[in-house]
Each structure stands twice: as C-alpha cells, then as structure tokens.
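Here are my notes on the structure you sent over. Have it open while you read.

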Amino acid sequence: MEDRSVHIKSFGCQMNKLDAGLVASALRDAGFRLTDGVKDADAVVINTCSVRQHAEDRVLSNLGHLKHLKQHRPGLVVAVIGCMAQRLGGTLLEHEAVDIVCGPAQIPQLADLITEAIGRHEKHLAVTEKIRFPGADDAALDDFESTYSIRDKQIPGQAFVRVMRGCNYFCTYCVVPYVRGPEACRSPRAIIEQTRRLADAGVRQVTFLGQTVNSYKYDDGRKTHSLADLLDMATEVQGIEWIKFVTSYPRDEYYKDILLAMVDSPKVCRYLHMPAQSGSDRVLRAMNRHYTAGHYLEMLERARAIVPDIAVAGDFIVGFPGETEEDFQATVDLVRKARYRNCFVFKYSPRPGTAADKRLTDTIPDDVKQKRNVELLAVQKQISDELSRDFLGRDVTVLVEGLSKKSHVNPVEGEDRPQLMGRTSTDHIVVFNGPASLAGRFAQVHILRASPLTLFGELSV
Ligand code: SF4
C-alpha cells in the first residue's frame with residue numbers, strides 16, 4: 001500500500017481526547033502512518049474545541065501557519081473536526097488552508113474523506129445540518145467507538161468509554177448543546193460489550209464519559225437503566241478493577257444510587273467531578289444552573305455521609321456577566337466549604353450563539369477576571385495542600401500511567417529507575433521511581449511528600 005502519513009493535533013476536553021484517539025486508530029487501520037509533526041505528513045487533522053474563545057483562537061492561528069505551509073506544499077490535506085467544525089461548518093471550509101470540515105457525528109467517515117482528498121483538490125463538508133435531530137449517525141458512531149477504542153493506546157491500562165453524547169441542560173454560557181446536540185445514550189449492551197473487549201485487551205480502568213454522565217438513562221423496553229445500573233454491570237466485567245465516571249451535573253435524581261454503587265463495590269472509584277460553576281445564587285440563575293449554592297453543598301454533605309472518603313473535584317467560571325465582588329466572594333465561600341480535592345477555574349468567555357452571548361454583556365474587565373481566577377485558585381491550593389498532607393506516611397494503590405512529565409529534569413540521586421506517574425482511585429496524582437514496565441499495572445506506593453496537586457513516594461512492594 002502507498003505510504004501515507006497524517007499528523008493529528010487535538011485541543012479541548014476529555015471527549016475530544018477520546019475522539020482524537022479513535023480517529024488515530026481508524027486512520028492507522030486505513031493504512032496511514034502517524035507523524036509527530038506536520039513536516040512529514042500528507043494530511044493534518046485538527047480536532048477543535050469551541051468551549052472557550054482561546055481554544056478557537058489557537059485553532060485559527062494553527063490554520064494561519066498551515067495556509068503559509070500550503071503555498072509550498074499545495075498537496076497537503078487539512079481536515080478540521082470537532083466542535084468548531086460543527087459550529088462554523090461551511091464558513092470554516094472557506095478558509096484557504098482547509099480542505100475538509102467534519103462534524104463530531106461524521107468522524108467514522110474521516111479516513112475515507114482524507115483518502116479521497118489526497119491527490120485531488122476538492123473541498124468537502126461533512127457536518128450534521130440539524131444537530132437537534134441526531135440519531136441516524138448513532139449506529140455508525142457506536143460501531144466506530146467500539147472498534148477503535150480497543151486499539152487506542154493513549155494511556156496504558158486505561159480506556160475512556162463514551163456512554164452518552166450531547167447535553168440537554170443549555171447552561172447560558174455553554175456551546176455544547178448546540179454543537180453536540182441533545183443527550184443520546186448508548187445502550188448498556190453496547191457499553192458493557194465494549195468494556196469487556198477492553199478488559200480482554202488488558203485495560204484495567206474504564207472511565208465512563210458523558211457531559212452530564214449522571215443523567216444517563218436508557219430504556220431497553222424492559223427497564224430504564226441508570227448510571228448506577230451501568231456501574232453495577234461494569235463491576236461484573238472480569239479484569240476491570242476500577243471504574244470512574246465524569247462529569248456529573250449537581251442534581252438529586254439517581255444521585256444516591258450512584259453513591260451506593262461506590263459503597264457496594266471497591267471497583268467503583270470514590271471520585272466525583274461535580275462542577276458548581278458559581279457560589280452565588282443570582283449568578284447560578286443567570287447561568288441557568290438548576291440548583292442553589294446551599295442545595296449544592298447539601299448534596300456534597302449527603303455524599304460524604306454515604307461515602308466519607310469520597311474525593312470531589314469542581315469547576316468554576318469567574319467573571320460571568322454582572323458578577324459582583326459579593327457574588328465572587330460567595331464563590332470563594334462555597335469553595336472553602338466544599339473542600340474540593342482540586343478545582344478547575346475558567347475566566348468567562350462569551351461563546352457565539354449561546355443565550356449569555358445574546359442577552360448579556362461581557363461586563364467584567366479581563367484584569368478583574370484574572371484577579372478572581374488567581375484568588376480562587378489560591379484558596380483551593382491551600383485546601384488541596386491540607387488534604388494532600390493526610391496521605392503522608394500512607395500506602396496507596398496506584399494505576400501507573402508511565403513516565404512522569406518531569407522524569408528527565410527531576411532525577412533522584414543514586415536512583416537509576418525512571419520517575420513514574422500514576423493515579424489513585426480518587427484521582428490523586430502520585431510520582432515515584434520504578435521500572436518503566438509498571439506502566440498499565442497497579443503498584444503500591446508509600447507516600448513521603450505531598451504538594452497540593454501531587455503526592456511523592458516510593459514503591460512499597
Ligand atoms: S451541563 Fe451545562 S456546561 Fe455542561 S455541557 Fe451541558 S450546557 Fe454545557
């Protein structure tokens with residue numbers, strides 16, 4: 001077969017990382033060689049994200065470079081996939097650098113589209129026109145997902161399994177419902193079959209993915225299955241030791257059953273990623289979030305009553321239109337009370353087409369957003385630091401991911417084994433020295449030192 005090569009560049013969330021892995025496996029399967037850079041590639045795939053303006057700006061700047069490159073290499077094929085492809089569709093295809101625009105529901109067609117485009121100079125648009133009415137593509141996506149997730153080796157011993165697509169919530173700042181469509185849940189049969197095949201291929205941890213994963217609901221005609229049911233079924237899969245799920249929307253329905261699933265099985269990891277977004281009820285209403293700060297904290301309290309050692313992560317947006325200093329201090333207060341293991345803080349950025357962009361003015365100056373971002377992270381850092389210290393002197397089980405990012409700059413004197421990185425079932429990052437062959441396997445690590453985001457230790461067995 002003719003030697004063809006492709007370079008993939010991915011931006012954005014865990015969903016996008018999953019798509020990038022699936023696309024990489026599918027392209028490999030279609031005979032493409034994956035390259036580390038654009039230099040040696042016949043085609044470039046840019047997997048885009050629309051959640052923040054910054055992510056879209058980075059994609060446009062990449063396309064600017066590719067446009068220059070194509071002046072010398074007109075045969076280079078550029079495909080844009082993901083949320084930005086869906087959002088901008090034909091407009092993006094008009095960009096001089098772009099040959100293919102392919103929406104999230106059309107990625108099973110991508111290898112064929114690139115193969116056709118190489119050698120020809122035709123532009124191609126493949127996006128779902130009516131994103132509010134998906135369904136026709138679901139079977140093809142299911143097959144694509146099941147086939148290629150088995151071959152995706154991004155993290156040894158781990159795999160992500162999408163249990164649902166889309167979102168029904170329409171938070172006023174968020175573009176996801178417009179580009180990924182309404183909630184569409186995969187059948188438990190397809191999900192568990194995929195999990196089984198992953199286990200057979202050596203996977204030990206699966207993470208069930210959904211924008212609002214705790215909304216998972218599938219009626220098979222006999223029963224309506226919830227996320228708690230899925231977790232129960234997954235615990236029966238031989239070889240799977242840990243099951244995680246992200247991201248949870250703060251709501252009561254099904255919530256208790258999910259926590260009970262954690263209590264019932266050590267395989268269901270005691271980790272909850274549950275974004276609050278703000279601690280101000282006024283801002284939460286403006287965001288169209290369906291809870292108050294008090295209700296959110298009550299949910300956390302109940303969670304900790306059922307699973308006392310649960311680790312919780314949160315997300316926040318600072319500088320939402322009209323957010324006063326008082327609103328922001330309410331967020332600081334919520335973070336203090338919630339005692340997250342860690343949280344992700346983002347500065348509000350208006351997204352075209354969303355309700356907030358249409359109805360509200362982006363009133364908060366960037367320096368104020370930046371100041372609030374720094375302040376909130378500092379509060380969280382102190383809490384993370386206190387919680388991390390609880391691990392000192394303890395042995396923890398870690399699923400090893402591979403070499404740590406700093407393995408080359410952080411050598412330990414007298415230590416010839418590389419520095420490895422893994423995570424606990426509560427998603428704590430652990431760094432220690434050990435044989436590289438541990439990647440994808442479980443290890444016991446004795447914790448000697450703790451920083452807010454990382455635990456450092458030594459292999460105990
Ligand atoms: S729950 Fe809100 S923030 Fe999350 S994906 Fe849906 S609309 Fe976006």
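Predicted model: local features only at pLDDT ≥ 70, side-chain atom pairs only at ≥ 80, totals over all residues.

1. I'd start with strand E3 (residues 43-48): six of its six residues are buried, so the strand is largely enclosed by the rest of the structure. Ala43, Val45 and Asn47 point one way, while Val44, Ile46 and Thr48 point the other, and all of them are buried.

2. Who are the neighbours? Strand E1 (residues 4-10) pairs with E3 in the parallel sense, over five bridges. There, lysine 9 has isoleucine 46 of E3 as its bridge partner.

3. E3 also pairs with strand E4 (residues 77-82), again in the parallel sense, with six bridges. Valine 45 sits opposite alanine 79 of E4.

4. Setting aside neighbours within four places in sequence, its contacts include Ala43, Val45, Asp99, Ile100 and Leu110. Alanine 79 is also listed with Val23, Val80 and Val163 as having the most contacts inside the largest nonpolar core, a set of 130 residues. Helix H1 (residues 14-29) supplies the largest share of that core, eight residues. As background, nonpolar side chains in soluble globular proteins tend to be buried together.

5. Now the ligand. Which residues surround the ligand? They are Cys167, Tyr169, Phe170, Cys171, Cys174, Val176, Pro177, Gln211, Thr212 and Tyr249. By class, that shell has eight nonpolar residues, two polar and no charged ones.

Definitions and conventions:
Residues numbered from 1 in each chain as written. Buried ≥ 20, exposed ≤ 12 C-beta atoms within 10 Å, placed from the backbone. Helix = DSSP H or I, 4+ residues; strand = E, 2+ residues; numbered from the N terminus. Pairing = 2+ DSSP bridges. Near = placed C-beta within 6 Å. Nonpolar A, V, L, I, M, F, W, Y, C, P; charged D, E, K, R; others polar. Core = buried A, V, L, I, M, F, W, Y, C linked by C-beta atoms within 7 Å. Contact = placed C-beta atoms within 7 Å.
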